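This report describes the architecture of a protein model and the packing of its parts. The sequence and the structure are shown first, and the description follows.

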Amino acid sequence: MITGVNVGCDVVKISRIEKMMQSETALKKVFHPSELSRFDTEHLAGIFAVKEAAFKALGLASDSWLLIEVKYQSFGKPELILAKEIKTAKIHSMDCSISHDGGLAFAVVTVLNEK
Amino acid sequence: MSKGVKQTKLFRNIQDYLYSTCKKYTTRTVFIEKQKYRTKIWTFNDLWDKTTQAVNYIDEKNLSKGDKIIISAPNSPYWATLFFACAIKGVIVVPLDMNSSVDFIKKAISLIEPKFIFFSKFMPQAKEISSDVIYIEDFKAELPTVPDTKLARANDIKPDDTLLIVFSSGSTGDPKGVILTHKNICSNIHSLMEYMIIYPTHRSVSIVPLSHMLELTCGLMALISMGASVVYLPAVKPRAISEALQKDGVNIIIAVPAFLQLFRNAVMRGLEQKGLAKVFQKSLYLSKPLPKSVKRVISRVVRSKIGKNLTEMYVGGARIDESLEEFWNGLGISVYQGYGLTEASPIVAVDSPKPKLSRAFTVGKPIPGVKVKLADDGEIMVSGPNVSSGYYRNPKATNETFRKGWLMTGDIGRFDDDGFLSIIGRKKSMIIGPSGMNVYPEDIERTIREHNDIKEAVVLGIEKGNDVVITAVITLSDKKTKPGDIILNTNEHLASHQRVQEVIIWPDDDFPRTPTRKIIRGDVHKHISANKSSSGKANDTRNGKQLYKIIAQVANKPVSKITSRSTFVNDLGMDSVKRLELMAKIEDELGVVLSDSFVNQNSCVADLEKQIKLFKGMAKKKGQPNWPDYKTAVYFRLLLQYVLFILSRSFQKVEVEGYDIKQFDGGPVIFIANHQSHLDAPDIIKVLPRKVRTKTSVAAAKDYIFGNRATGLLARMTFNAFPIDRHGNIDESLTNIGKFLDKGNSVLIFPEGRRTRTGEMQEFKHAIGVVAPEMGVPIIPIKISGNYDILPRKQHLPKRGKTTITIGEPIIFDDDSSYISITDKLEETIRKL
């Protein structure tokens with residue numbers, strides 16, 4: 001039975017991620033190698049935003065970057081994959097969406113909770 | 001001068017050089033490639049094989065003789081491999097400094113017309129250049145998949161074929177590309193082989209960028225031609241260099257004076273903190289007349305801070321202060337100064353360790369085969385097989401610099417009575433920055449004048465203590481313009497070593513000029529220098545703690561605004577992006593790995609300092625002892641293990657199924673297994689072939705097994721165990737695992753992190769997903785069943801029973817999977833065994 005909904009959103013300036021892309025150390029703290037295989041600023045900014053949004057929606061600590069993987073389905077929709085360490089027992093389902101414009105990447109994550 | 005000649009044969013071309021070198025030193029180490037957690041050793045044979053593969057790689061890219069490529073990437077064995085492969089194919093390499101501005105890179109591209117540009121992914125400029133970019137990281141990843149079919153011994157590369165085009169300065173004006181042939185470089189290597197004393201036991205760490213001839217010819221090619229080895233760091237940072245000096249047996253370095261200065265400061269800071277600076281200065285003075293060996297004994301304690309093996313430093317690129325040379329010589333670390341320029345491949349003269357060829361504070365004598373004479377005004381003129389034929393597509397500059405077979409260096413020099421050369425200064429106005437990079441004021445002036453509000457500009461190198469400050473003196477057409485804005489505006493268009501550090505507004509309406517309207521630079525310089533010393537600005541940046549500097553940089557605030565009570569979120573405005581940047585910087589520069597999670601709404605700088613202290617305290621204890629590797633310890637371990645096996649036989653029968661490990665012959669691996677009981681580790685060890693068993697270490701919980709001294713010691717004795725942190729600090733665990741793999745040991749890990757409570761396998765900790773790809777070794781999965789019934793948690797005596805150990809096929813992961821999917825896959829695999 002669905003007991004409630006949580007939502008999280010985040011916005012990030014794409015240029016700031018571009019700066020981060022100069023530091024391998026910083027990148028490796030946030031992105032999985034699979035996410036880095038497309039080394040494109042907009043793409044990475046979107047992943048960054050959606051992970052931050054997921055922290056908010058799931059109530060995760062702010063350094064849980066590598067516990068979430070963002071995968072793109074063949075038709076371009078992003079999908080969140082959670083590490084097993086994140087307790088998903090009370091999650092019914094979740095969804096996310098990413099958008100870019102005006103030098104910004106924006107993302108929103110919704111989580112449906114169940115008993 | 002030909003006394004003590006080691007080698008008489010001159011290499012015909014780079015292939016001849018590389019082939020002869022690699023076939024001479026075969027299985028000796030040539031490169032030590034430091035990765036974040038692992039250290040990869042390249043032998044000379046490996047270098048030849050990889051170069052062969054790289055030749056095939058550039059064949060696949062349709063590059064052929066006479067084509068050009070640009071390389072702008074951090075120093076690494078792959079840089080070297082790509083360069084050698086191009087040299088063998090006759091492809092001309094154009095190395096560019098990684099700090100070149102986008103403008104400069106674009107100019108170089110339009111002049112050179114390269115077929116490909118090899119950039120590092122992490123260079124911000126790479127995104128601005130759209131055409132034919134190949135990331136060197138991709139080259140590295142693709143190389144293993146390229147066949148290494150044998151190369152023809154003979155090739156059609158002639159000594160006079162072009163090998164390199166090297167830009168002699170990062171100038172924003174019209175770049176001048178120095179043409180260097182195979183003969184130029186080979187002759188310079190040959191001369192250095194006669195003049196330097198290098199043995200295969202020598203090991204250096206690569207510091208100067210390979211885009212500079214000092215590093216390419218001397219730091220790479222000359223050193224390895226005599227069998228020496230070179231350490232390449234993942235990033236050339238002071239911390240990484242000092243770690244290499246201390247732990248990787250580096251005994252020689254080739255560097256620019258700025259580096260020697262940096263390390264002197266570090267040594268002196270350490271002594272000052274202990275209140276020993278004065279005693280040290282005195283002993284330095286008193287020990288002056290003593291021989292090097294005695295000095296080294298006296299200075300042992302001080303040297304141990306910078307690496308006790310370091311004995312020699314070759315310095316080039318800029319003049320070195322006499323006091324700096326004296327300092328290092330006083331410690332028993334010999335400094336040899338050299339003189340060279342890109343146009344001379346680059347070495348012209350060098351102070352040699354050979355007694356008759358050495359004199360302190362000079363650049364030694366011209367190297368064999370190179371002629372040096374002084375013009376009437378003292379300008380140094382050079383001729384020899386190492387001298388370039390001229391600048392690429394620039395006959396005007398070529399005619400000015402190369403006259404009747406002589407290279408006009410523009411430097412003023414002097415010979416003493418015994419023929420030792422000293423450099424007095426630059427003939428032209430050129431500024432030699434402290435990093436040894438040549439800065440041409442004219443280029444910067446041209447850029448400044450593009451600013452509308454500026455009438456005229458003169459750029460000078462103003463000496464301030466030991467530093468040279470690039471100072472722009474300007475006259476304004478609009479008096480309201482702020483100098484700060486001008487700097488910002490100008491520096492954006494300049495390479496980092498060219499950036500203006502200070503702006504001064506000239507007090508009069510115009511500069512002093514000659515009758516022909518030329519600005520008299522000398523007068524401007526005199527005036528500015530005089531006023532500088534009287535204003536006597538204090539240099540306060542050095543007192544600021546490094547951490548505060550890092551925080552200030554990331555927060556984009558002045559250091560003075562940061563106190564121990566500044567809060568990250570409110571006072572410093574650090575959001576998640578900035579905090580990540582901060583953590584990455586702290587990791588790179590201080591070597592402290594922190595997680596962002598401790599930062600909350602109220603945490604302040606003092607909290608961060610506490611965390612760093614905590615980490616450093618733990619890091620001190622992090623080192624693993626050596627004794628488990630001693631032969632006696634290994635035999636004792638085997639004996640203990642046999643005793644255990646015999647004991648366990650009384651209640652337990654162990655059966656093995658699945659993959660036969662004896663088939664596997666690929667160096668160290670990581671074994672992972674589910675965890676049912678304390679019997680798991682001994683049982684797995686038991687079924688391994690003896691050869692593997694003596695070289696297998698077990699990862700054991702830091703807080704459980706190593707929480708108690710006795711159990712920790714026992715675990716080390718019986719299983720060569722090492723601690724792994726199951727709560728958080730993954731970096732420390734990765735470092736430990738990396739060290740054991742580097743020693744050639746395989747490692748056994750239980751990814752569940754603890755024994756099962758129910759008999760069911762638990763979820764794997766996601767850390768195993770990071771371990772697998774980061775370590776770059778195959779994973780062998782193992783499933784254990786039966787041990788839960790024999791000796792579960794909370795039970796002290798075993799029951800009788802049968803244990804089955806099922807071994808799976810080795811798994812190798814791609815470089816671009818996700819840590820989560822790897823964890824899941826490993827868990828799946830073991831479940832299905």
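Helices and strands in this report are DSSP runs, a helix having at least four residues and a strand at least two, numbered from the N terminus. The model is predicted.

## Chain A

On this basis chain A contains four helices and five strands. Read from the N terminus, its elements follow the order β-α-α-α-α-β-β-β-β. The radius of gyration of chain A is 14 Å, close to the 13 Å that the globule rule gives for 115 residues, so the chain is as compact as a globular protein of that length. Its C-alpha trace spans about 45 × 30 × 25 Å along the principal axes.

Of the 115 residues in chain A, 39% count as buried. Among the contacts of chain A between residues at least 6 apart in sequence, 61% join residues at least 24 apart.

The loop between α4 (41-58) and β2 of chain A holds A:S62. This serine, A:S62, counts as partly exposed, with 17 C-beta neighbours inside 10 Å. A:S62 and A:E52 are separated by 10 residues in sequence and by 7.8 Å in space, C-alpha to C-alpha.

## Domains of chain B

The domain assignment divides chain B into domain 1 (14-365), domain 2 (366-424), domain 3 (440-535), domain 4 (546-622) and domain 5 (627-832). Between domain 1 of chain B and domain 3 of chain B, the C-alpha centres lie 34 Å apart.

## Helix α2 of chain B

Helix α2 of chain B covers residues 44-60. At 1.5 Å a residue, its 17 residues should span 24 Å, and the end C-alpha atoms are 24 Å apart, which agrees. The buried residues of α2(B) are B:F44, B:L47, B:W48, B:K50, B:T51, B:T52, B:A54, B:V55, B:Y57 and B:I58. An α-helix has 3.6 residues a turn, so residues three or four places apart point the same way.

The buried residues of α2(B) pack against α1 (14-25), β1 (29-34), β2 (39-43), α3 and α5 (136-142) of chain B. Just after α2(B), B:N62 adopts a positive phi of about 60°.

## Nonpolar cores

The largest nonpolar core has 148 residues, of which B:I69, B:L82, B:F118 and B:A255 touch the most other members. Helix α3 (residues 77-89) of chain B gives the most to this core, with 10 residues. When neighbours within four places in sequence are left aside, B:I69 is in contact with B:L63, B:C86, B:V91, B:V93, B:V94, B:P114, B:K115, B:F116 and B:F118.

A second, separate core of 100 residues includes A:A54, A:L58, A:L67 and B:L826.

## Contact between the chains

Which residues of α28(B) are buried? They are B:Y819, B:I820, B:I822, B:T823, B:L826, B:E827 and B:I830. What covers these buried residues includes β2 (68-72) and β3 (78-82) of chain A, together with β28 (670-673), α26 (767-775) and β32 (779-785) of chain B. Helix α28 (residues 819-832) of chain B has 14 residues, which at 1.5 Å a residue should span 20 Å; its end C-alpha atoms are 20 Å apart, in agreement.

The contact between the chains takes 24 residues from chain B and 28 residues from chain A. On the side of chain B that touches chain A, the elements giving two or more residues are α19 (576-590) and α28 of chain B. The largest share of that side, eight residues, comes from α19(B). By class, the side of chain B that touches chain A has nine nonpolar, seven polar and eight charged residues.

## Backbone exceptions in chain B

Most residues other than glycine have a negative phi, and most peptide bonds are trans. B:E113, which is not a glycine, has a positive phi of about 55°. This glutamate, B:E113, is found in the loop between α4 (102-112) and β5 (116-119) of chain B and is exposed, with 8 other C-beta atoms within 10 Å.

B:R393 is likewise not a glycine and has a positive phi of about 50°. B:R393 lies in the loop between β18 (390-391) and α14 (395-401) of chain B, and with 13 C-beta neighbours inside 10 Å it counts as partly exposed. The peptide bond from B:S345 to B:P346 is cis, with omega near 0°. B:P346 is placed in the loop between β13 (334-340) and β14 (347-350) of chain B.

Terms used
Residues numbered from 1 in each chain as written. Chains lettered and ligands numbered in written order. Predicted model: local features only at pLDDT ≥ 70, side-chain atom pairs only at ≥ 80, totals over all residues. Domains from an automatic or database assignment. Rg over C-alpha atoms; globule rule 2.2 N^0.38 Å. Buried ≥ 20, exposed ≤ 12 C-beta atoms within 10 Å, placed from the backbone. Contact = placed C-beta atoms within 7 Å. Expected span 1.5 Å × (residues − 1). Nonpolar A, V, L, I, M, F, W, Y, C, P; charged D, E, K, R; others polar. Core = buried A, V, L, I, M, F, W, Y, C linked by C-beta atoms within 7 Å.
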